[in-house]
Amino acid sequence: MEILLTVISISLLGAALAAVVVLADLKLNDYGICAIDINDGQRVLSVKGGSTLLASLSSQDIFIPSACGGKATCGLCKINVLTNVGPVLPTEEPYLTEDEIGEGTRLACQLKVKNDLRVFIPEELFSIRRYRAKILKITDLTYDIKEFRFELLEPQAMEFAPGQYVQVDSKPYDGVEEVVSRAYSISSLPSEKGVLELIVRLVPGGVCSTFLHKHVKEGDELTLSGPFGDFYLREGADELLFIAGGSGLAPIKSMVLDILKKGLPKQMTFFFGAVRKRDLYYVDFFTELQEKYPNFRYIPALSDPGPDDDWNGEIGLITEVVARHVSDGQNKHAYLCGSPGMINACVDVLTKIGIDEERIFYDKF
Ligand SMILES: Cc1cc2nc3c(=O)[nH]c(=O)nc-3n(C[C@H](O)[C@H](O)[C@H](O)COP(=O)(O)OP(=O)(O)OC[C@H]3O[C@@H](n4cnc5c(N)ncnc54)[C@H](O)[C@@H]3O)c2cc1C
């Protein structure tokens, strides 16, 4: 009996302590309702304190670019905070220059809203919307890349510039409770009103790419937001070099098709780098474009063709292939999309050829 009473007393004491901790946590982290003043009173939001600035803004339909969905690994959600909110966090430091820190730039995914804030948000971000979209068609392009065609249900159309991307929201699946939002470049044309096409490579163990590859089917609905990004066509050059690897083909496809459709007087060369033949896709599509349009050239290249690949096209790293075909940088702009390693190597080669960095545009993923 004595033992039983001791056990009950200890349990009650434990429960009481836990309740105190929970209450203290609620009290300490209760920041009440905070006001976020955007662009000197242009909009003033009332939000419940305690969430990140990124989440607080998106809860009120203001979408800041954030390709990693709040993990502080992409550095895209920079925002100017005009209120003093203390020093930058170690997680923010790698993404901010000294000038940016001096101007009050912060990563919205790392900053918690604990007080009233004044922030500056560029006007163009206000046109970003969240969309409900239905998957019309899923097509296997390679063993690890799929094409997704979406119908936009609500709103029914998106204005975007070829090269821009959307952020797709995943849903819980198969024991993965984490819901993330990831960037995918739009591969279709803005003129295809109401339809959006994305090209997604399966990243082993990746939350969103696994969701899209293995846990959705035609007819399913999901949400996405956009358009985001500053990777789009610039004025000022008659010759355009496009270089891509893997799913980096997506924004390039949209850009090339847009130029051809509008009949712009641009000379274009598209270099696509792959390891083996099984990594190539849309070969017939781009070959047909090349046959139809004299101002478009398509150069697929394999870095390590296998014995069964029966390949008589270009061989070598894409940087070597580019160097073989481009002799000078005159009147040229270059648009690159692919892995950081591929892009860094290409920028090196292109600057040596004579295209300076201001004329090289890229999205790294
Ligand atoms: C501007 C922009 C545009 C993009 N456009 C496209 C696109 O059109 N098509 C496309 O397929 N992807 C694109 N991405 C990449 C995409 O946003 C995701 O990062 C990718 O799908 C992985 O997300 P996940 O949730 O599946 O993996 P996560 O759960 O984020 O990552 C799981 C693991 O994989 C690693 N990892 C994350 N990303 C990659 C990667 N790309 N390669 C190798 N390992 C990785 C992580 O370090 C982690 O260890 C784009 C990214 C950016 C920034």
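**Entry 1: a term first**

I count a pair of N or O atoms within 3.5 Å as a polar contact. I keep in mind that this is a predicted model. With that cut-off I went to Tyr184. A polar side-chain atom of Tyr184 lies 2.7 Å from an oxygen atom of the ligand.

Next I looked up Ser209. One of its polar side-chain atoms is 2.6 Å from an oxygen atom of the ligand. At Ile199 I found a polar backbone atom, 2.8 Å from a nitrogen atom of the ligand. On its own, the ligand has 910 Å² of accessible area, and the protein covers 71% of that.

**Entry 2: the shell**

How many residues surround the ligand? I get 21. The closest are Arg182, Ala183, Tyr184, Ile199 and Ser209. I sorted the shell by residue type. It holds eleven nonpolar, five polar and five charged residues.

Which element gives the most to the shell? Strand S9 does, with four residues. S9 spans 181-185. I also noted strand S10 (195-201), helix H4 (207-214) and strand S17 (360-364); like S9, each supplies at least two residues of the shell.

**Entry 3: domains**

I read off the domain assignment. The protein chain has domain 1 (33-125), domain 2 (128-228) and domain 3 (239-364). From domain 2 and from domain 3 the shell around the ligand draws at least three residues each. I also looked up a distance between domains. The C-alpha centres of domain 1 and domain 3 are 36 Å apart.

**Entry 4: a sheet**

I turned to a sheet of five strands. It is open, its pairing is mixed, and the order is S2-S1-S5-S3-S4. Why is one side of S2 and of S4 left without a neighbour in the sheet? Strand S2 (43-48) and strand S4 (105-107) stand at the edges, and each has a single partner strand, so one side of each stays without a neighbour there.

**Entry 5: one strand pair**

A reminder to myself: strands of a sheet pair through backbone hydrogen bonds, either parallel or antiparallel. In which sense do S3 and S4 pair? Strand S3 (residues 78-81) pairs with S4 in the antiparallel sense, over three bridges. I followed one residue across. Ile79 has Arg106 in S4 as its bridge partner.

Definitions and conventions:
Residues are numbered from 1 along each chain as its sequence is written. This is a predicted model: local features need pLDDT of at least 70, side-chain atom pairs count only at pLDDT 80 or more; totals for chains, interfaces and linings use all residues. Side-chain values use heavy atoms; hydrogens and water are left out. Two strands pair if DSSP finds at least two bridges between them. A residue is near a molecule or strand if one of its heavy atoms lies within 4 Å of it. A polar contact is a pair of N or O atoms within 3.5 Å; within protein, one must be able to donate a hydrogen and the other to accept it, and residues adjacent in sequence count only if both atoms are side-chain atoms. Accessible areas come from the Shrake-Rupley method with a 1.4 Å probe; for residues, only the protein chains shown count as cover. Ala, Val, Leu, Ile, Met, Phe, Trp, Tyr, Cys and Pro count as nonpolar, Asp, Glu, Lys and Arg as charged, and the others, Gly among them, as polar. Domain bounds come from an automatic or database domain assignment.
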